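Student: I should like to learn how to read a metal site and a helix from coordinates. Could we work through an example together?

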Amino acid sequence: MLLTDFDGTLCEFQTEPEAVFLSDPRRMALATLARRPGLIIGVVSGRRAADLRRRCGLDEPVYYAGLHGMEIDGPDTGFTVPQLSARRDLLQEIAGSITEAISPLPGAFLENKDLSVALHVRAASPPDREQAERAFWLLATPALDAGTVRLQRGECVFELLPDISWNKGDAVRWIEADVTRRLGAVVQPVYLGDDRTDEHAFEAIGQRGITVIVGRRPSRASRRLPDPAAVEQLLNRLVATTKAP
Ligand SMILES: [Mg+2]
């Protein structure tokens with residue numbers, strides 16, 4: 001079972017994340033591998049699963065684990081973390097109240113990403129910024145205190161996300177169990193990733209499989225590749241060395 005992260009692993013980063021798509025040679029290699037008997041392919045990412053499927057453009061049966069594994073779209077079944085839709089409703093409720101509270105404040109705006117909402121105050125005057133932040137805290141604190149949402153703080157950005165303990169490692173375990181259910185076989189996992197969030201997957205696999213960090217970041221993975229171009233070479237090697245049906 002070959003699982004790979006998308007951005008920075010299968011594809012080079014672009015300034016505009018919207019511009020990232022799987023290249024033709026890499027898509028062809030993955031498509032070939034997905035048709036090989038005994039080989040399972042999956043893509044794991046922080047992006048939404050449907051977005052991932054669109055950017056890969058594969059017709060073959062492949063697993064797409066989006067939102068760091070919180071939603072998984074498999075060849076014949078899928079999975080969504082149970083709390084996800086309730087947390088989205090809550091976030092949307094909070095977003096509505098914040099939008100209303102900050103509407104008279106030019107320069108402050110709320111970015112609504114459906115499963116997360118982010119207050120931006122960079123363009124606001126200091127008094128408006130203070131007022132926007134006060135409204136934000138007033139409206140977000142109950143959910144933050146309840147532990148249903150968490151705060152990710154950036155430079156002049158306050159982002160609220162669902163607080164759900166489910167990560168890429170849980171997604172790897174779910175996919176392994178699903179493969180065993182479908183094919184009655186125990187899988188040996190191989191996982192490639194470049195991000196800190198991929199460490200959860202490396203940890204979940206441990207010595208049971210092969211873990212590959214892409215890039216120079218310190219990692220618990222057992223192997224290392226320098227960049228997505230090297231990942232492409234690996235895919236081509238696998239195409240050349242695995243048996244066609
Ligand atoms: Mg990545």
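This is a predicted model: local features need pLDDT of at least 70, side-chain atom pairs count only at pLDDT 80 or more; totals for chains, interfaces and linings use all residues.

Student: Which residues coordinate the magnesium ion?

Tutor: Asp5 (OD), Asp7 (O) and Asp194 (OD) coordinate the magnesium ion, at 2.0 to 2.2 Å. As to ideal geometry, six octahedral donors give angles of 90 or 180 degrees, and four tetrahedral donors give 109.5 degrees. Water is not among the atoms, so a site may look incomplete.

Student: What spacing do the donors of the magnesium ion follow along the chain?

Tutor: The spacing of these donors is D-x1-D-x186-D. Aspartate 5 lies in strand β1 (residues 2-5), whereas aspartate 194 lies in the loop between β10 (190-193) and α6 (199-205); the pair is 189 residues apart and links distant parts of the chain. Both aspartate 5 and aspartate 194 are buried.

Student: Why does the end-to-end distance of α5 agree with its number of residues?

Tutor: The expected span is 1.5 Å times one less than the number of residues. The 16 residues of α5 should therefore span 22 Å, and the end C-alpha atoms are 22 Å apart, in agreement.

Student: Where is aspartate 178, and is aspartate 178 buried or exposed?

Tutor: Aspartate 178 is in helix α5 (residues 168-183). Its relative accessible area is 4%, which means that aspartate 178 is buried, the cut-off being under 20%. The side chain of aspartate 178 makes a polar contact of 2.7 Å with that of arginine 181.

Student: What follows α5?

Tutor: Glycine 184 follows α5, with a positive phi near 65°.

Key: Residues are numbered from 1 along each chain as its sequence is written. Side-chain values use heavy atoms; hydrogens and water are left out. Donors are N, O and S atoms within 2.8 Å of the metal (3.2 Å for Na, K and Ca); water is not among the atoms, so sites may look incomplete. Helices (H or I, at least four residues) and strands (E, at least two) are DSSP runs, numbered from the N terminus. Buried means under 20% relative accessible area, exposed over 50%, partly exposed in between (1.4 Å probe, protein chains only). A polar contact is a pair of N or O atoms within 3.5 Å; within protein, one must be able to donate a hydrogen and the other to accept it, and residues adjacent in sequence count only if both atoms are side-chain atoms.
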